[in-house]
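Dear colleague,

Please find the structure below, handed over for your own work. An account of the findings follows it.

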Amino acid sequence: GSTPVDIHGKSILSKTGGWIAAFFIFGNEMAERMAYFGLSVNMVAFMFYVMHRPFTSSSNAVNNFLGISQASSVLGGFLADAYLGRYWTIAIFTTIYLAGLTGITLCATIGKFVPNQEDCDQFSLLLGKCEPAKPWQMTYLYTFLYITAFGAAGIRPCVSSFGADQFDERSKNYKEHLDRFFNFFYLSVTVGAIVAFTVVVYVQMQYGWGSAFGSLAIAMGISNMVFFIGTPLYRHRLPGGSPLTRVAQVLVAAFRKRKAPFASSDFIGFYELSGRHSAIKGSRKIPHTPHFRFLDKAALQLKEDGGNPSPWRLCTVTQVEEVKILLRLIPIPACTIMLNVVLTEFLTLSVQQAYTLNTHLGRLKLPVTCMPVFPGLSIFLILSLYYSLFVPIFRRITGHPHGASQLQRVGIGLAVSILSVAWAAIFEKYRRNYAIKHEYVAIFLTAMPNLSAYWLLIQYCLIGVAEVFCIVGLLEFLYEEAPDAMKSIGSAYAALAGGLGCFVATIINNIIKSATGNMAKGEPSWLSQNINTGRFDYFYWLLTALSVINFFIFVYSAHRYKYR
């Protein structure tokens with residue numbers, strides 16, 4: 001059933017997997033996140049300064065890119081679990097990702113793909129006087145941007161699961177290896193983000209947009225080569241057939257037998273294959289649980305079912321339990337959507353804040369687009385100190401051998417995210433009042449020399465802490481709790497929550513803009529392009545209130561959840 005095999009589907013005889021194989025996989029994830037964050041931080045500026053699109057529409061376009069790349073991860077998880085396996089899914093979609101990055105690089109390199117840049121200074125940009133991009137130019141850019149998003153959708157749900165597959169479940173140190181793997185995995189994500197926010201930004205400033213996007217394509221190409229070089233070392237799990245088909249069979253069978261009583265004289269018992277092996281390839285048997293009793297009807301074996309029943313009428317207990325597990329998991333990743341909303345808003349709104357602030361660090365002036373590197377640096381620091389500092393402290397408090405359970409880590413992350421967005425609201429009120437007092441209201445892209453951008457580090461570092469605890473805990477939780485033959489779909493839940501967070505952020509932005517602004521009366525919205533006339537502080541307080549409500553919903557859901 002769940003025995004690992006080599007790339008040809010044969011039982012593994014030689015020693016494979018382990019940390020060496022995992023490090024080849026880390027390289028692929030590092031390059032993917034470098035490209036992901038490199039596009040997210042640079043694309044808004046590229047659309048505004050080069051394609052001459054309004055800042056708000058540029059932000060929404062990037063939010064949609066981020067949302068699609070994560071929300072469609074369910075498709076990648078489905079293909080991996082059903083037909084391709086995780087290795088081939090990663091191999092195919094990294095190639096698609098590379099094609100998208102190449103197309104974006106050509107757009108930034110060849111002058112025909114961008115509007116005329118002559119007579120377009122900063123003042124003309126603010127007044128909207130620059131020649132806008134032609135429809136076909138934006139179509140070209142959006143096409144390759146979404147090809148890149150589609151490529152990311154296949155990689156994201158598979159890489160963490162494929163890396164975790166490299167460790168032997170029979171090993172006495174399996175739990176410890178898995179715990180450390182997910183921390184190292186997120187460390188590779190963070191390194192990719194740090195490179196995107198520093199090196200790629202530097203390349204863009206020194207050599208132009210084409211070189212910046214080209215560096216992302218080159219990094220992705222190199223990581224693909226490294227991933228394929230590690231092929232002989234990898235352990236694989238056999239795909240178990242279409243999980244959606246199995247889910248549909250359970251729902252149809254349960255509906256068809258909805259009126260059949262459990263105490264009927266025709267009731268034989270709950271149906272399961274005899275012997276050790278499950279009917280689902282790549283899965284061990286799962287014992288029956290009392291949850292979602294209405295689904296048990298699908299495994300209700302009656303005399304009328306006969307000796308060779310249709311799977312659309314009678315399902316095994318393991319198949320029914322798979323569906324139950326998927327349903328029981330939903331509330332936990334759903335509660336992380338709000339954290340992803342905050343992360344998405346910080347990625348764009350805090351950059352607008354930084355444009356009005358002094359980014360000098362001594363004699364060194366950091367570009368505004370480098371500011372999101374600080375959450376990455378805080379994540380890097382926390383993950384480096386996690387086992388030497390945090391685990392011993394939390395172990396004394398909780399008594400848990402790993403310092404905190406997976407759900408406790410998610411809860412800590414959500415609580416810290418509330419502090420982060422609350423501080424953002426407090427500082428934004430101070431920043432806005434300072435701008436009004438010193439007459440910077442109209443010149444909102446001019447930095448105020450006596451107000452440092454490094455006050456933003458507090459919200460950045462807090463959201464970094466929140467991300468470490470919440471996302472790493474969630475990934476480990478989903479991998480361990482998901483059914484054997486649905487590990488990729490389990491991991492896709494986390495990416496789906498991230499994607500929905502991006503879409504929810506766009507929806508909230510649109511609602512706030514329409515509800516708080518009145519162009520006819522000259523009243524700016526809370527999210528006005530001129531940050532000094534807007535009310536970003538009110539918006540951050542709204543996010544704080546939503547985060548508090550979300551936290552209490554999570555506490556209730558986590559309290560009710562029973563680990564497998």
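**Salt bridges and helices**

Asp296 and Lys324 are both buried, where buried means under 20% relative accessible area, exposed over 50%, and partly exposed in between (1.4 Å probe, protein chains only). The two residues form a salt bridge, with their closest N and O atoms 2.7 Å apart. This pair links distant parts of the chain, since Asp296 lies in helix H9 (residues 293–296) and Lys324 in helix H10 (residues 317–329), 28 residues apart. A salt bridge here is a side-chain nitrogen of Lys or Arg within 4 Å of a carboxyl oxygen of Asp or Glu. Helices (H or I, at least four residues) are DSSP runs, numbered from the N terminus.

The model is predicted: local features need pLDDT of at least 70, side-chain atom pairs count only at pLDDT 80 or more, and totals for chains, interfaces and linings use all residues. Residues are numbered from 1 along each chain as its sequence is written, and side-chain values use heavy atoms, with hydrogens and water left out.

Lys324 also forms a salt bridge with Glu321, the closest N and O atoms being 3.0 Å apart. Glu321 is buried, as is Lys324. Because they are 3 residues apart in helix H10, about one helical turn separates Glu321 and Lys324.

A further salt bridge joins the side chains of Glu176 and Arg180 (3.5 Å, N to O). These residues are 4 residues apart in helix H6 (residues 174–207), and therefore about one helical turn separates them. An α-helix has 3.6 residues a turn, so residues three or four places apart point the same way. Glu176 is partly exposed at 38% relative accessibility, and Arg180 is partly exposed at 28%.

Over the whole structure, the search finds 16 salt bridges. Glu29, Glu32, Arg33 and Arg156 are linked in a network of salt bridges.

Leu381, Leu385, Leu389, Ile393 and Ile397 make a nonpolar surface patch of about 460 Å². Patches are made of residues with over 30% relative accessible area and no salt bridge, with like charges joined within 9 Å and nonpolar side chains (Val, Leu, Ile, Met, Phe, Trp, Tyr) within 5 Å. Accessible areas come from the Shrake-Rupley method with a 1.4 Å probe; for residues, only the protein chains shown count as cover. Ile393 is located in helix H13 (residues 373–398) and, at 44% relative accessibility, counts as partly exposed.

Helix H14 (residues 406–437) has 32 residues and, at 1.5 Å a residue, should span 46 Å; its end C-alpha atoms are 47 Å apart, which agrees. The expected span is 1.5 Å times one less than the number of residues. Just after H14, Glu439 takes a positive phi of about 60 degrees.

Yours sincerely

Key:
Helices (H or I, at least four residues) and strands (E, at least two) are DSSP runs, numbered from the N terminus.
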